[in-house]
Amino acid sequence: MNDQTLTPEERAANLKGMGSSRKRVEDVRFTQGKGNYVDDIKLDGMLFGAFVRSPYAHARVVSVNKEAALAIPGVVAVLTAEDLAPLGLHWMPTLAGDKQMVLADGKVLFQGQEVAYVVAENRYIAADAAELVEVDYEELPVLTDPFEALKSDVVLREDLAGQTDGAHGPRKHHNHIFTWEQGDKDATEAVLGEADVVAEEMVYYHRTHPCPLETCGCVASMDKVTGKLTLYGTFQAPHAIRTVVSLISGLAEHNIRVISPDIGGGFGNKVGAYAGYVCSVVASIVTGQPVKWVENRMENLMSTAFARDYWMQGKIAATKDGKITGLWCHTTADHGGFDACADPTKFPAGFMNICTGSYDIPTAYLAVDGVYTNKAPGGVAYRCSFRVTEAAYFIERMIEVLAIKLNMDAAELRRINFIKADQFPYQSALGWEYDSGDYHTAWDKALKAVGYEGLRAEQAQRIEDFRAGKTRKLLGIGLTHFTEIVGAGPVKNCDILGLGMFDSCEIRIHPTGSAIARLGTISQGQGHATTFAQIIASEIGLPADDITLEEGDTDTAPYGLGTYGSRSTPVAGAATAMAARKIRAKAQMIAAYLLEVHDNDVEWDVDRFAVKGAPERFKTMKEIAFAAYNQAIPGLEPGLEAVSYYDPPNMTYPFGAYICVMEIDVDTGEWDVRQFYALDDCGTRINPMIIEGQVHGGVTEALAIAMGQEIAYDEMGNVKTATLMDFFLPTAWETPNYTTDHTVTPSPHHPIGAKGVGESPNVGGVPAFSNAVHDAFRPFGLVQSHMPHDHWRIWKIANGLGMHG
Amino acid sequence: MIPAGFEYHRPGDIASAIGILQEHGDEARVIAGGHSLIPMMKLRMAEMGHLVDLQAIEELKGIEIGADTVSLGAMVTQHELITHDGLATAIPLIREAALQVADPQVRYVGTVGGNVANGDPGNDMPGLMQCLNATFELSGPDGRRSVAAREFYEAAYFTARDDEEILTRISIPVPGAGVGQAYEKQKRKIGDYATAAAAVMVGNGQASVAMTNLADTPVWSESASNALADGDVSGCVAAMLDAIDPVADNRGPVEFKKHVAAVMLRRAIERAQSRAD
C-alpha cells in the first residue's frame, strides 16, 4: 500500500466519487448485447399472451366469439371481461383515482383498447388466434375534441352515470373529470383588470408519446406449490406495482415478488399499470404456467400512456415597462377514455402550478379541467416531472407573447422578471417554495456564450435580405429559461394511491472493504449503478469500482416509489448519502477504538479516519470494514451496514437557460438547428459525463416533440401516427450538435446538494425549439402557432403571413 | 407484428421462380429486399401462402455499363447503385437519387427491382426510371417482354406486370454528353418517403422531368418535359402541377404538397441546368 505517499486529492481521485466522469458500468453489458430485458426472460413452459384490440374509438361490444381462436392447436385460453368479472378484475383502479377496463366491458372508448386476451403456446400462435377472435361492434359517436366533449350529449363513461363527485371533487358534465384550482382567482382577475398591458393567448401542447425503444411487457409466473407470484416487468416503480397487485388481486404482498430487469428506456411510459400485466397474472394463476406479454410498437403508441394534450388559455399582465404583475391560466386537459394520469394523488394536474416559471410573479391563478374523450388514457410525465413540461412551455410562450405586445426584447423581459438570487427560498404565488437559484448569472452566461447581441444583428440583416428578395431563409433565436420542480416528494404532499413518495437505500460493506447497495428506484438507462456508487464512494471512502448497485427486485431491495419525475437523485440519492453517513458514523467509533483515542479525536480524511493533529495515525475505511466484522469491539454490534428511508423536506428546483438558433426555409417549411446551447444548473454534479449524456438525450426528445412528434387522431378517432414512419423519432441524422454548460447552485436541503437533471433538457428544450420557430416569424407578424412544427405547419405559418407571394 | 404463416421458397433460377408462381397463382409473391413487403406482412395487410425469395438467382444480379445502355439486374441493391463507379460516371442521377432512398441499412438490402416493381407511389426509383426513360424486362411463362417505365404504372400497387411475371432487368439509355441531371427530394426525416421529389434531365435541347409521391403513380409529364426542353421553366412547372394529383396525409395538406412540388422541381431544374454543358 502506497496510501501514505498519496495526497488527499490523489486519494479522492482514486475513489471516482462525486464529480468524476466515471464511465458507465452498465455499458459493459449493454454494448455487448448482454443486457437482460423482459423479452430475454425465458421460463420453462412459458405461454404467450396477445390482445385483440378495438379498431373503433367508441363502440358497443355486442358479442365476442372465441370459438375459431380456441380451435387452433396450441391456444390455451381466450379471456374476456366476462372471464375476469368473477375475480373482480375486469376493471382496475388507475393511478389517478379513476378506474379503467382491463378488457372491454360492454363498450370500448378508444382505438386499440384491449377487448380479449389470447393465451397460446407461442407468440406466433397467439397472434394467429387473436386474428380469429370475432368481435361484433356497434359504432357510437366519437368525441376527439375535449371542448366538444364538454358540450356533447354523448356519454362516454356510462359506468359513472349519476356520479357527480369524482376523485378530485365535483364533475360539471358527464364527460368532465375534475376541476383543480390553485392561487387567488379574484386577486388575479383584479390585477388583469388594472394592468397597463395584458397579453392573452391559447397555448396548446399537443398529445405525444414517450415511445421508449423497449415497449412495455411482463412475464407473470405463479408457482402453485409455493403460492408465490413472480412478476417480471418493465416497471418504473416495482415496489408500487407489488403493492397494487396485492391490493387488487388479494394475493398477500409477501407472496408477490416483482422484478424489473434491465429496462430499455421508460420516460414515464412504464409508470402505470396496464391491462397486459393484469391479464398475464390472471392467465398464469389460471394455467399454473408462466405467461409472457410484450407489446409491439403499434400497441405501445396506441394504447399505453400518452403524454401532454393540454390546451392552456393564458393571460399575462405587466406594467408598460415590462414588470409582470399577474398570470392567469385555464387548462383544458384531454385525458382520454379513462383518467389514468400518473400524478401524485393530491395533484390531478401534476405540478402544473409551477407555471409561474423562473419569474417573480406576485399574483397568479390556475384552473385545470380534466375531460374524457375517445382517446387512449395516460397523461404521463414524458421525461419531465408531473406536467412540468406543459407548465414550462406555457410560461415560456406567454413571456414571448408578452414581449411582442410590449415590443420588447424577450431576453431583457426575462431578465427584469427573474426571481433574484437573494429572494431564495422563494414562495411562489401558486404555492411552491423554490429551494435555490441564481437565474441572472445563468442567463448572462448563456447570452454571452451564444453571442446574443451578434445573433440579433445577424437576424436583423437577414430580415432585410429577405425583404429585399436576397434569401428565402429566416433566422430564429429561441430563448428559454426554465425552472423545474422535481424529486417528489415530501410524503406530507405526495403520494400515489396512498403510497408515500419517499425512497430508500440499503448499504452493506463487505469485510474486505467492498460493498453492495440496494435502492428503491430502478434505472432505465439513467446509469444509477454508476452514479449512486459515486455518492457512496465520496461519503465513505471506498472506490466506486468496488461498490455493486442493485435495484428492481422487491424481495431484496428496500421499499421505494421508483424512478420517474427526476426523483431518483433528489430522493434515493439523498437516502444513499444518509445511509452512507450512518455507516461512516459507526466507522468513526470503530476507528477511534482501533486507534485507541476518543471518538471525537478522529477526523474524516477522504478514505480514512485519522487522529486529529496526527494524520500519520489513521485507519482506512477498508481496514475499518475488516475490523467491523472480525474484531470484538466493546459496545458495538459486529457488521457494517445501514439503511435509510428518506422523506425529503422539499422538492428540488433545477433550472437552466437554453438557446436555439434555427434556420427556416419559408418555401418548404424545412428547418435546420444551427446552434443549440444548454446551460443546466442541477445543483451538485455527481457525474458530468452522465449529465451531458442526459442533456443530449433530453434535448433530442425535445427536438422530436417540438418539431414533429405527435399522436394524432382523425375525426373517427383513428390513430394516424401509430408507426415510426409517422411518429417522429430522431436518428443521428436529424439530431443537431449541442453545446452544454452549467452553473452550480446546490440545493440547500439535499444532503449532497444535488437536484436531478434527467428531465431538464426536455422541459427546457421544447420551448427553446418552439420559440426559435416563433421568433423567426415574429418580425412578420406571428404571435402564436401550435406545435409540432413540422414542415407543413411551418409552411402554413409562412403562407398565412403572405410570404409565398 | 407477427405475419401469418407462409411457405418459403428459394429458387436458384428464373424459370423455377416462375414455375412456383404458376403453381400457386395469387397465393404466391416474389420477395426481393423485402422492405416494402415484410412490413405489410407483419401488419397483416398482405397475406400470402407462398413467398418466393429471389436472393439466390444469379441472373438477377449485376450492373452492366454499355456505351449506349446501362443494364441493372433486378436484385441490384441500392447500396450497389451508390458504390458502382462506372454507374456513377454513366448516369450520375441514379447515385444521387439512391443516396436519398431510406437509410444505409435499408439500402444494403433494398433492391432496385423491388423498388420499381412494387408500384408503391412513395418509392423513388419509379419516377427516376420514367425520367431516364428506362425499360423494364419482364419474364413469365410465355417468355420475355419489355415495358417502358413510362407505361408500367397503372395505379398504386397496380402495374403492367402479370401475376406470373417477374421483373428481371432494367435497361436505361445513357444520357448524351452535356445533359445535366438532378434529383431533389423533400422528406420529413431519414427513412421517409418523399413529401415531394423531382427527377430532372436537361441539355442538348432535350429534357425529361418526373415526380414522386404526388399521385397514385409516378408522374412523368411530356408537356412539362417539352416546356423545359424549350427553356420554359415556368411552363414546365405549370404543366407538372397540372399533371400531379397529391392527397393529404401526415406529410401535409394538398395545397402544401403542390407548393413543395413546384419548389422541388424548380430546384432540381436549376441544379440540372447548372450541370448541363
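Author: By the rule used here, there are six cavities of 30 Å³ or more. A cavity is a set of points, on a 1 Å grid over the protein atoms alone, where a 1.4 Å probe fits but cannot get out. Grid points are joined across faces, edges and corners, and a volume is the space filled by probe spheres set on the points. This is a predicted model: local features need pLDDT of at least 70, side-chain atom pairs need pLDDT 80 or more, and totals for chains, interfaces and linings use all residues. Residues are numbered from 1 along each chain as its sequence is written, chains are lettered from A and ligands numbered from 1 in the order written, and side-chain values use heavy atoms, without hydrogens or water.

The largest cavity holds about 240 Å³ of space. Its lining has 23 residues, where a lining residue has an atom within 4 Å of a point. T94(A), L95(A), V271(A), G272(A) and A273(A) lie nearest the centre. What is the lining made of, by class? It has 18 nonpolar, five polar and no charged residues. Here Ala, Val, Leu, Ile, Met, Phe, Trp, Tyr, Cys and Pro count as nonpolar, Asp, Glu, Lys and Arg as charged, and the others, Gly among them, as polar. Two elements of chain A, α8 (238-249) and β20 (378-380), each supply at least two lining residues. α8(A) gives the most, with three. Helices (H or I, at least four residues) and strands (E, at least two) are DSSP runs, numbered from the N terminus.

Now to the place where the chains meet. In chain B, 26 residues are in contact (heavy atoms within 4.5 Å) with 27 residues of chain A. The area buried between the two chains is about 2200 Å², and carbon and sulfur atoms give 57% of that. Buried area is the accessible area (1.4 Å probe) that two parts lose on being put together, summed over both. On the chain B side, I2(B), K189(B) and N250(B) lose the most area to chain A, together 27% of what that side buries.

The interface also holds 12 residue pairs in polar contact, both at pLDDT 80 or more. A polar contact is a pair of N or O atoms within 3.5 Å; within protein, one must be able to donate a hydrogen and the other to accept it, and residues adjacent in sequence count only if both atoms are side-chain atoms. Helix α12 (residues 254-275) of chain B brings seven residues, the largest share of the side that touches chain A. That side of chain B divides into 12 nonpolar, five polar and nine charged residues.

Side chains of opposite charge can pair when their charged atoms come close. A salt bridge here is a side-chain nitrogen of Lys or Arg within 4 Å of a carboxyl oxygen of Asp or Glu. The whole structure has 67 of them over all chains. Three cross the interface of chain B and chain A. D726(A) and R188(B) meet in a salt bridge, at 2.9 Å from N to O. D128(A) and R44(B) meet in a salt bridge too, at 2.6 Å. D128(A) lies in helix α5 (residues 123-132) of chain A, and R44(B) in the loop between α2 (37-42) and β3 (50-53) of chain B, so this pair joins two chains.

A cis peptide bond joins F424(A) and P425(A), with omega about -5°. P425(A) sits in the loop between α12 (410-417) and β21 (426-427). M787(A) and P788(A) are also joined by a cis peptide bond, with omega about -10°.

Notes
1 Å grid on protein atoms, 1.4 Å probe; cavity = no way out; pocket = protein on both sides within 12 Å on 5 of 7 lines; lining within 4 Å.
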